[in-house]
Amino acid sequence: MFSLPPNRTARARALQIFVCLAVISLTPVRAMSEEQKSPGPEGTAFNVFDMPAMSEKLVFAFAAIKKGEFEDAEQSLRKIISEYPGRDQNYYLLATLLAARNKPDEALDTLSVAIDKGFRNSKLLQTDPNLKSLRDSPRFQELAEKIIKNNAEKTGDPGIKFGPYPIQNSQALVSPANTIWNPRIGTLISEFKFNATSTPSTVQTGTDPVANLLTQWYQRGSAAGNHGDLYDNRDRGHSAIKISRYPQFSFIEYSREAKDAGIDYGVNTKILFNSITIGNSSTAVTKGKFWRSQGRLATTLPFGANKLFLQYVSNHLYVYPAVADYGIKHGDILSANTPYMIISKGKSGSDRPFLNAVASILAAFKPEVKEYLKKNRMIMPTVQMIFREGQVSVKNPEDYLTYKAQPPVFDSLNIDLGKMVQMAQKLEIKDVPPIVQLSIVSESEPEKGIDDFSTFRPEALFSTPTAISRAVRSSALETKLVVSAEKTQGPPNQKLEYRWVVLRGDKKRISITPKNESGSVVEITVPWHAPFPAPEQADITTSRVEIGAFVNNGTYYSAPSFINFLFPANQVRKYNDKKQIVMIDHRSPETKGRYIDPQIFADRNWRDDYEYDAAGKLVGWTRTRGAKTERFTRDGARVIETDALDRPITAEKIVYKLEWSKSGLPVVTEQATDAQAHYVYANDNDRIGQVKAN
């Protein structure tokens, strides 16, 4: 918390308000007592399960404040209050903003409601710099004293008594009584208590050899079994594993409040549990222009990949079917490959064999190994390593460093379950592979308005510690990243060897150059890729280059970390021998019908042909739409007037906006400005010229 002098810039003032609002929003939330509850617009009371949706809406209000758009922010907060009238902190947020906007009476009125709703933070009330203008008011002093009085009269926790839910009859109930909202990581956390004295002696029922082997190991004490493991079905029973087959598992059930808030359905980006969790959702977004599998949805949601990483290092792993995101019709249109989930080839029900594989691997670990992995948040990276190496297609260690072990979508026919459980049973703590942790050291960036027109959509889709994804928008031939894996750590006394490999893409054209002696830092250079056959299935096309990062500890390779480069499949490009762009066509008959993700790439209805002078310097380009052509200068300004040598002397500066077509898809449009650029030339041979100062 900090204060700024009143004569600071509007941007600095906006930042001050943003910081203060962010601090108050970072208060943990538990269930409320009955006296705190306030009916919502449809007669429902606010509860902890409303926090994910409300938090997403607050992001927009905070973004408006950060940009200095205070009126928009105020309207956003008022709308949030109308939807969640029982949440005292929202009133406080609005009061803070009103005070900062010099609306003292409205601010005090709103602050009074916040206190009536349960706001109790007297320290924040006295230190928040945005409330400085109110503190001399007698009414403010009355409100401050009211909080002190309320705190003195209140004993104990004002909410419902919070504590882990004691699991009974294999049921793990998610309810307001055992769930808290953790604002720092932006997720709900439900806690459970397991009864160690009532564990069945059978790991898996059935007559198959792996089930029998797991039970034998468990009864001898050499395998951990599945006691303490949770199963989270997120399709409301549509494609659930059978309780009777896994008697040691605890099965998550959602309370009415959780179901009403949609916490139980679809891709999981909203809740974590205090134990090892596997789950699935055999569903997909099937309607509208933004249809996609749950796996693709998770990597294209704001902060979705961050939530997936959080699950990964919190001992959670989910399985989602690829549905239409991988197949003959559209090809491989997933936005990224990550180790955070398993995507199954096919539709509903294709996920169940993978749930069985993961459950079996978890059961096969030695008890001490499983406890070590759980405690150190390494169990799912280790499961991923074993699962991937346990594919039928993996015949030797080098196969593990290829698409044979690391495809974006897995086929259940490729599961060698016996191999997987034997690997898990054999693993010792000293041999546990580390998690490869990546960070970006530097990267090339497109020049806005020249290399790239999508200023509203960055190339960086996400940068998480074990998966990075970039959407290539630049017209430059090459995209470069310097990536470090130096933060990788594992069990003590392991000597680590770093391996960086091309999993997808043209290996002859992609370069991976070590930047230090250990090879833990590399420069990756990826040139433009037109759609190409997927290496694991030649009749499927893909437009995604993948680099895999691995570490070998002398016994095992780690689970992969991925660097993804996603190219727009609807573009045709040509480059000259100097690696300069010659043409980009967004509407070529060659690419007609190819799918591009509208969440990532916006459509453009033109073709650009670039021109260079004798020295290879960019002169400008000609843009063609149907029969219409327009010229642009090297600076991206639209030519208005030329001289006798057909060189631009006056050009209009252009900005690009994201708009929506009648069909509901994003499109890039040009918008003229009042600004003009005037060019002068040194002589008749000068094709480049200089912009004349006004």
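User: What covers the buried residues of helix H15?

Analyst: The cover includes helix H8 (209-220), helix H12 (352-364) and helix H14 (379-389), where contact means heavy atoms within 4.5 Å. The buried residues of H15 (residues 417-426) are Leu417, Met420, Val421, Met423, Ala424 and Gln425. This is a predicted model, in which local features need pLDDT of at least 70, side-chain atom pairs count only at pLDDT 80 or more, and totals for chains, interfaces and linings use all residues. Residues are numbered from 1 along each chain as its sequence is written, and side-chain values use heavy atoms, with hydrogens and water left out.

User: Why is asparagine 315 called buried?

Analyst: Its relative accessibility is 7%; buried means under 20% relative accessible area, exposed over 50%, and partly exposed in between (1.4 Å probe, protein chains only). Asparagine 315 therefore counts as buried. It lies in the loop between helix H11 (304-312) and strand E12 (316-321).

User: What makes serine 170 partly exposed?

Analyst: Serine 170 has a relative accessible area of 26%, so it is partly exposed. Its phi is positive, about 65°, although it is not a glycine. Most residues other than glycine have a negative phi.

User: Why are H5 and H7 called roughly parallel to each other?

Analyst: Helix H5 (residues 104-117) and helix H7 (residues 138-153) pack at an angle of about 10°, with their axes 11 Å apart. Angles under 35 degrees count as roughly parallel, over 145 as roughly antiparallel, 65 to 115 as roughly perpendicular and the rest as oblique. H5 and H7 are therefore roughly parallel.

Methods. Axes fitted to C-alpha atoms, helices over the stretch in contact; angles between N-to-C directions. Helix = DSSP H or I, 4+ residues; strand = E, 2+ residues; numbered from the N terminus.
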